[in-house]
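Please consult the sequence and the structure shown here while reading.

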Amino acid sequence: MQLAFAPELKAFREEAASWLNAQLSGPFKAICGQTNQVDNVEERRAWEAALGEARWSVIGWPEQWGGRDASIAQQIIFAEEYARAKGPPRAGHLGVELLGPTLIAMGTEEQKARFLPDIASGKAIWCQGYSEPGAGSDLANVKTKARLEGDKYIIDGQKIWTSMGTIADWCFVVARTEAGSVGNKGLSFLMVPMDQPGVDPRPIRQMTGEAEFAEVFFDGAEALAIDRIGAEGDGWKVAMALLGFERGVSTLAQQMHFKIELDEIIAAAKRNGMADDPIVRQKIAHAYAGLKIMRYNGLRMLSDGEGSADLSGAAYTYKLYWSQWHRDLGELAMDVLGQEGEIGASEERFDGLPNMYLMSRSDTIYAGTDQIQRNIISERGLGLPREPRGK
């Protein structure tokens with residue numbers, strides 16, 4: 001896909017790069033290159049609002065909902081230029097990339113009108129209420145319960161590893177609404193306001209020194225019945241559709257961030273003399289080749305039908321591939337940095353490549369462990385018999 005050679009796409013790239021570079025070297029210079037998702041909260045909210053006002057926030061959405069009806073090529077270009085300009089992680093990414101597309105595909109017209117404008121304009125930050133203690137990657141083993149009383153659901157339970165749970169305005173929650181149900185039956189998909197009695201987010205401090213995640217306790221929290229996406233009991237179907245959007249255009253921005261990290265490793269190797277080490281050179285070449293494979297696979301995945309809840313074979317393999325590649329890149333970074341990589345930027349925080357190394361250890365765990373990913377590939381991608389499961 002030769003994105004750079006079409007004149008209209010070249011002009012689009014120049015427009016996107018010009019706006020991003022002007023903003024991130026000017027009014028938003030303080031958050032340029034930031035890696036933590038919960039630092040500088042007010043500046044991050046202002047950044048989301050600026051993206052929304054300039055209609056860069058959700059360019060792939062219909063114009064009716066604040067987007068630009070951008071083509072796949074344009075979305076890829078913007079994602080790449082955003083990463084190249086070192087834009088910070090999107091505080092609104094769970095709403096922009098996951099919930100918003102799910103609402104567009106499966107929500108009612110009333111839900112779209114109520115929620116999409118605030119996502120597009122940066123007014124509403126969302127978090128995800130999927131994982132639970134004791135369930136691990138087994139999303140179907142949901143214990144959080146919700147009972148319908150009149151026009152509201154009353155929610156009791158606990159979610160964990162909730163990114164941005166301490167700063168989010170809303171949470172989309174998978175809860176068990178049918179008493180006695182097990183597995184993926186009897187679940188519903190609810191949109192829950194975080195600012196209410198009965199919702200208690202508690203930050204989880206990581207080994208990097210950051211507190212990006214939270215555990216969230218629901219004790220009599222409320223969600224309106226009209227804020228349920230899909231029918232009662234269809235929560236698993238909606239949750240799986242939402243995860244289908246996780247492997248979309250944002251994968252290309254992720255790869256640009258990976259390229260920046262690899263470039264930093266190469267620069268460090270040249271700086272400290274490791275670039276002459278044949279083993280290090282071989283590992284760098286291997287990482288470079290892997291990144292190219294990742295890009296080609298990402299483009300293939302998108303050409304197979306981006307924006308669809310039905311994943312292609314390429315999409316099934318993507319998470320397993322990039323998580324292992326990035327874990328190895330983190331180890332390469334520490335090999336190159338040596339003792340320099342063992343020293344934090346402060347007494348409490350690691351930064352730069354050491355931070356990347358520590359965070360990469362979680363890549364093969366979150367969003368489905370490598371073991372779960374292999375089961376998904378075998379069962380859904382290849383159609384092999386399902387793994388025996390205990391009763």
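## Helices H1 and H3

In this predicted model, the axes of helix H1 (residues 7-24) and helix H3 come within 9 Å and cross at roughly 35°. The crossing of H1 and H3 is right-handed.

On the H1 side, the contact involves Leu9, Phe12, Arg13, Ala16, Ala17 and Leu20. Their partners in H3 are Ala73, Gln74, Ile77, Phe78, Glu80, Glu81, Tyr82 and Arg84. Sorted by class, the contact of H1 with H3 comprises 9 nonpolar, 1 polar and 4 charged residues.

## Helix H3 and its surroundings

Helix H3 spans residues 72-84, 13 residues in total. From its first C-alpha to its last it reaches 18 Å, close to the 18 Å expected at 1.5 Å a residue.

Because 10 of the 13 residues of H3 are buried, this helix is largely enclosed by the rest of the structure. The buried residues of H3 include Ile76, Ala79 and Ala83, and also Gln75, Glu80 and Glu81. After H3 comes Lys86, which has a positive phi, near 60°.

## Helices H4 and H5

Helix H4 (residues 93-106) and helix H5 (residues 109-120) have axes that come within 10 Å and cross at roughly 160°. H4 is therefore roughly antiparallel to H5. Their crossing is left-handed.

H4 contributes Gly95, Val96, Leu99, Gly100, Leu103 and Ile104 to the contact, while H5 contributes Gln111, Lys112, Phe115, Leu116 and Ile119. By class, the contact of H4 with H5 holds 7 nonpolar, 3 polar and 1 charged residues.

Technical notes. Residues are numbered from 1 along each chain as its sequence is written. This is a predicted model: local features need pLDDT of at least 70, side-chain atom pairs count only at pLDDT 80 or more; totals for chains, interfaces and linings use all residues. Side-chain values use heavy atoms; hydrogens and water are left out. Helices (H or I, at least four residues) and strands (E, at least two) are DSSP runs, numbered from the N terminus. The expected span of a helix is 1.5 Å times one less than its number of residues. Buried means under 20% relative accessible area, exposed over 50%, partly exposed in between (1.4 Å probe, protein chains only). Axes are lines fitted to C-alpha atoms, for helices over the stretch in contact, and angles run from 0 to 180 degrees between N-to-C directions. Angles under 35 degrees count as roughly parallel, over 145 as roughly antiparallel, 65 to 115 as roughly perpendicular and the rest as oblique. A crossing is left-handed if the near helix is turned anticlockwise from the far one by less than a right angle, and right-handed if clockwise. Contact means heavy atoms within 4.5 Å. Ala, Val, Leu, Ile, Met, Phe, Trp, Tyr, Cys and Pro count as nonpolar, Asp, Glu, Lys and Arg as charged, and the others, Gly among them, as polar.
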